Amino acid sequence: MKKFQKFVSLLSAAALLAMLPGSNTLTASAAEPTTFCVSYDEGDDAWYYQRDTSEYNPNIEVKEAFQLKDVIKDGDIVVVVGISDDTGLDLDLSNVRLSNLTIAQAATVVVRTKGVDECYVTTDSVAAITGDVSRAYVYNEGSVTFNSNVSYLEIIGTNDVHANIYVHGTVSHVKAVDEASIVCYEYYDFAKGKLEISDGSVQTDEAYYSKTPSASSTQNTAPATQDSQSSAPAPGNTSGAYDSVPKTGEAFPAYLVLIAIAAVCLAGRSVCKRA
């Protein structure tokens, strides 16, 4: 009986401790995304990266772009700016999945990743991107080759669309809109390696895509055009366009379980005493 009473006392103490402020919260922390700017230096004829900025900052230390692979982590943001006629950028980030990749008026740029949540290619950019992309936005005369699958692709033009796009993987949903958010066309379920858009016009044979959505093509698509454009960086302006990832998890009410256990044990104690 003494052992049973001790056991009940310990459970009661645990229940009281669990009810203390802050003791019942389990916090799941996630590291803040870091923004890296990769820019072309005409004087050095070389590409460099800077940390904690989305545009070139003369007051921040620069390091050679190939070293970015050693410090970047999953969920980080990369903005590439600058045009080079002679020295293209080959950026190997195949060890991470990016939350945001923006090619901001940059050429010629090759980026290899483990995947990208949101990708923006602005006007005058020329790029090739490897890694599955959840949502891609290509502006005006942007030219890009996606070497992997794309879930949602939106082409955004001023007055009309003029982008040049080729996708080696599959594409679930394609939408083209002008600056007034008027839909120029919207297609679904492009077969692997078949999506080709030249000067804004789809060149793919109709046998390889659908004009009506399927259940799979509408999954994980972007919000309405107005919303997606409002969250995208404007062409040529990428500063201040990013939000941080969620940092905390919800509290689990463990004290309720402990109190219930303690109540059962106390009731058992009373029964044993009467016996």
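Q: How many residues lie between β1 and β2 in their hairpin, and which residue in the turn has a positive phi?
A: This is a predicted model, so read each feature as part of a prediction. Four residues separate β1 and β2 in the hairpin. Aspartate 45 sits in the turn, and its phi is positive, about 50°.

Q: In which sense do β1 and β2 pair, parallel or antiparallel?
A: Antiparallel. Six bridges join β2 to strand β1, residues 35–41.

Q: Which strand pairs with β1 in the parallel sense?
A: That is strand β4, residues 77–83, with five bridges to β1. Here valine 38 has valine 80 of β4 as its bridge partner.

Q: How many residues of β1 are buried?
A: Six of its seven, so β1 is mostly covered, given that buried means under 20% relative accessible area.

Q: What does β2 pair with over two bridges?
A: With strand β3, residues 63–64, in the antiparallel sense. Look at tyrosine 48: its bridge partner in β3 is glutamate 64.

Q: How do I read an aromatic pair, and how many does the structure hold?
A: Two values describe a pair of aromatic rings: the distance of the centres and the angle of the planes. The structure holds seven such pairs. Phenylalanine 36 and tyrosine 49 make an edge-to-face pair, 5.9 Å centre to centre with 70° between the planes. Phenylalanine 36 belongs to strand β1 and tyrosine 49 to strand β2, so the pair ties together parts 13 residues apart in sequence. Both phenylalanine 36 and tyrosine 49 are buried.

Q: How is the pair of tyrosine 187 and tyrosine 209 arranged?
A: This pair is tilted: 4.9 Å between the centres and 45° between the planes. It links distant parts of the chain, 22 residues apart. Tyrosine 187 is in strand β13, residues 183–190. Tyrosine 209 is in the loop between β15 (201–202) and α2 (225–231).

Q: Are tyrosine 187 and tyrosine 209 buried or exposed?
A: Compare each value with the cut-off, under 20% for buried. Tyrosine 187 has 17% relative accessibility, so it counts as buried. Tyrosine 209 has a relative accessible area of 12%, so it is buried too.

Q: Why is β8 described as largely enclosed?
A: Count its buried residues. Strand β8 spans residues 133–139, and six of its seven residues are buried, so the rest of the structure largely encloses it.

Q: Which strands run parallel to β8?
A: Strand β6, residues 109–121, is one of them, joined to β8 by five bridges. Valine 116 has valine 133 in β8 as its bridge partner. Strand β10, residues 150–157, is another, joined to β8 by six bridges. There, tyrosine 139 has isoleucine 156 of β10 as its bridge partner.

Q: How many disulfides does the model have?
A: A disulfide is a covalent bond between the sulfur atoms of two cysteines. Here the cut-off is a pair of cysteine sulfur atoms within 2.5 Å. By that rule the count is zero.

Q: What is the volume of the second largest pocket, and which residues are closest to its centre?
A: Rolling a probe the size of a water molecule over the atoms shows where empty space is left. The volume of the second largest pocket is about 160 Å³. It is lined by 13 residues, and those closest to its centre are Trp47, Ala65, Phe66, Leu89 and Asp90.

Q: Which elements line the second largest pocket, and what classes of residue are there?
A: Two elements give two or more residues each: β2 (46–51) and β5 (89–107). The largest share, five residues, comes from β5. By class, the lining has eight nonpolar, one polar and four charged residues.

How values were computed. Residues are numbered from 1 along each chain as its sequence is written. This is a predicted model: local features need pLDDT of at least 70, side-chain atom pairs count only at pLDDT 80 or more; totals for chains, interfaces and linings use all residues. Side-chain values use heavy atoms; hydrogens and water are left out. On a 1 Å grid over the protein atoms alone, a cavity is a set of points where a 1.4 Å probe fits but cannot get out, and a pocket is an open set with protein on both sides within 12 Å along at least five of seven lines; lining residues have an atom within 4 Å of a point. Grid points are joined across faces, edges and corners, and a volume is the space filled by probe spheres set on the points. Ala, Val, Leu, Ile, Met, Phe, Trp, Tyr, Cys and Pro count as nonpolar, Asp, Glu, Lys and Arg as charged, and the others, Gly among them, as polar. Two strands pair if DSSP finds at least two bridges between them. Rings of Phe, Tyr and Trp (its six-membered ring) pair if their centres lie within 6.5 Å; planes under 30 degrees apart count as stacked, over 60 as edge-to-face and the rest as tilted. Buried means under 20% relative accessible area, exposed over 50%, partly exposed in between (1.4 Å probe, protein chains only).
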